[in-house]
Amino acid sequence: MSRIGKIPVPIPDGVNVAVTGPEVTVRGPKGALSRTFENRVRVKVSNGTCVVIPRDGERRTRAYHGLARALINNMVIGVSKGYSKTLKIVGVGYRALPRGKGIELQVGFSHTVSVPRPDGIDFQVPDATTIVVSGIDKELVGQTAAVIRRIRPPEPYKGKGIRYEGEYVQRKSGKTTGSVV
């Protein structure tokens, strides 16, 4: 059995978990999320906790057991607290501007780059060099932040680009001129 899969998922007040066959729906103050799981596991809700039970002892079932538990836990946290990722923009003249339902980035190209807002995601731009991506689906928040970062990843020579808050970019020294002997 999976060590992570054995841990019951606590369900906080104001969150409702409903299981209908292979589909698990979690509703909370921030919204609702739904996911369909394989027939390898069974989800049981009782006494303010959610337990994932494997159907057999196969290797793939044991692996899926922990995954299913982690996905349900992420859904419960998402509808109760939400998720957010902060991106920092580093570079002279680099900035982000909110435009309509998305954001516009000026990151050293000859043109501005528009990033549309997916459903279920909110963008905040507290200042010109900070973007906060937030939502209730952890997977979608992380994917959206990665798509924005991929537009101009940080480069190791000057450190310019879009990086996650707290991300360390190891710097490299540039070219050195040496005498050829």
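Here is a quick look at the salt bridges in this predicted model.

Searching the whole structure turns up five salt bridges.

| Pair | N to O distance |
|---|---|
| Glu139 and Arg35 | 2.9 Å |
| Arg40 and Glu38 | 2.9 Å |
| Arg99 and Glu104 | 3.5 Å |

Let's start with Glu139 and Arg35, whose side chains meet in a salt bridge. This pair ties together distant parts of the chain: Glu139 sits in helix α3 (residues 138-151), Arg35 belongs to strand β4 (residues 31-36), and 104 residues separate the two. Glu139 counts as exposed, since its relative accessibility is 52% and the cut-off for exposed is over 50%.

Next up is Arg40, which pairs with Glu38. Here both ends are partly exposed: Arg40 comes in at 22% relative accessibility, and Glu38 at 37%.

Arg99 is partly exposed, with a relative accessibility of 46%. Glu104, on the other hand, is buried at 18% relative accessible area, because buried means under 20%.

Methods. Residues numbered from 1 in each chain as written. Predicted model: local features only at pLDDT ≥ 70, side-chain atom pairs only at ≥ 80, totals over all residues. Heavy atoms only, no water. Salt bridge = Lys/Arg side-chain N within 4 Å of Asp/Glu carboxyl O. Helix = DSSP H or I, 4+ residues; strand = E, 2+ residues; numbered from the N terminus. Buried < 20%, exposed > 50% of the residue type's maximum accessible area, 1.4 Å probe, protein only.
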